[in-house]
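Visitor: I'd like to learn how to read a structure like this one. Could you walk me through it?

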Amino acid sequence: MLRTKKMRAVMRVVYDKIGDDYDATRKPDPRVRDALADHLALDAAGVYLDVGCGTGNYTAALAALGGCWTGIDPSDQMLSAARAKGPNIRWVRATAERLPFVDARFDAVVSTLALHHMADLSAAFRNIDRVLRPAGRTVIVTATPDHARQGWLAHYVPEMIKKRCARLAIACAN
């Protein structure tokens with residue numbers, strides 16, 4: 001529990017620090033957006049959640065295709081950038097492990113390149129399942145351990161990346 005709280009605090013500080021420039025090197029890829037929309041089976045009347053939305057790039061891109069969207073992220077700085085992209089999107093400071101929503105609230109949940117930031121994967125997936133409606137869809141886009149080691153963030157937090165790579169390898173094996 002203490003390790004989880006420490007990790008959350010570290011990640012919040014890291015992303016609050018880099019949040020200002022985060023979008024300088026990141027834009028939603030239309031092909032990825034379209035693939036996500038297809039896998040999510042987007043519907044104009046649907047209710048959707050983006051877990052670990054960051055600055056809201058994919059949340060806003062998907063919301064432009066339809067539905068009622070909520071994005072969650074633990075970083076105030078990232079959410080501040082997200083709010084500028086989608087004033088009609090509900091932006092909430094939260095973690096996957098503690099989703100502040102009622103049961104069966106969402107038709108589908110998406111998480112793009114955020115899995116490695118979740119301190120307790122079991123709790124995260126239990127919560128995602130809890131807020132998902134029956135027959136709802138979950139779409140997770142993640143990185144491999146090699147991708148994480150070579151990523152742009154590796155030099156900011158090398159020890160965390162090393163630990164995350166080990167967790168990704170375990171998650172990929174299961």
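Guide: Let's begin with burial: buried means under 20% relative accessible area, exposed over 50%, and partly exposed in between, with a 1.4 Å probe and protein chains only. Helices (H or I, at least four residues) and strands (E, at least two) are DSSP runs, numbered from the N terminus. This is a predicted model, where local features need pLDDT of at least 70, side-chain atom pairs count only at pLDDT 80 or more, and totals for chains, interfaces and linings use all residues. Residues are numbered from 1 along each chain as its sequence is written, and side-chain values use heavy atoms, with hydrogens and water left out.

Visitor: Good. Which residues in α5 are buried?

Guide: First the general idea: an α-helix has 3.6 residues a turn, so residues three or four places apart point the same way. In α5, the buried ones are Leu121, Ala123, Ala124, Asn127, Ile128 and Val131. They sit on the same side of α5 because they cover an arc of only 165° around the axis, the arc being that of the directions from the helix axis to the C-beta atoms. Arg126 and Asp129, on the other side of α5, are exposed.

Visitor: What happens at the start of α5?

Guide: There you'll find a polar contact, that is, a pair of N or O atoms within 3.5 Å; within protein, one must be able to donate a hydrogen and the other to accept it, and residues adjacent in sequence count only if both atoms are side-chain atoms. A side-chain oxygen of Asp120 comes to within 3.2 Å of the backbone nitrogen of Ser122.

Visitor: And how do I read a nonpolar core?

Guide: In soluble globular proteins, nonpolar side chains tend to be buried together. A nonpolar core is a set of buried Ala, Val, Leu, Ile, Met, Phe, Trp, Tyr and Cys residues joined through side-chain atoms within 4.5 Å. The largest one here has 19 residues, and those touching the most other members are Leu49, Val51, Ile72, Phe101 and Met118. Two or more residues each come from β1 (47–51), β4 and α5 (121–131), with α5 giving the largest share, four residues. Apart from this core lies another, of 16 residues, including Tyr48, Trp69, Ala82 and Ile89.

Visitor: Which residue meets Asp76 in a salt bridge?

Guide: That's Arg93, at 3.5 Å, N to O. This pair links distant parts of the chain, with Asp76 in helix α4 (residues 76–85) and Arg93 in strand β3 (residues 90–93), 17 residues apart.

Terms used: Salt bridge = Lys/Arg side-chain N within 4 Å of Asp/Glu carboxyl O.
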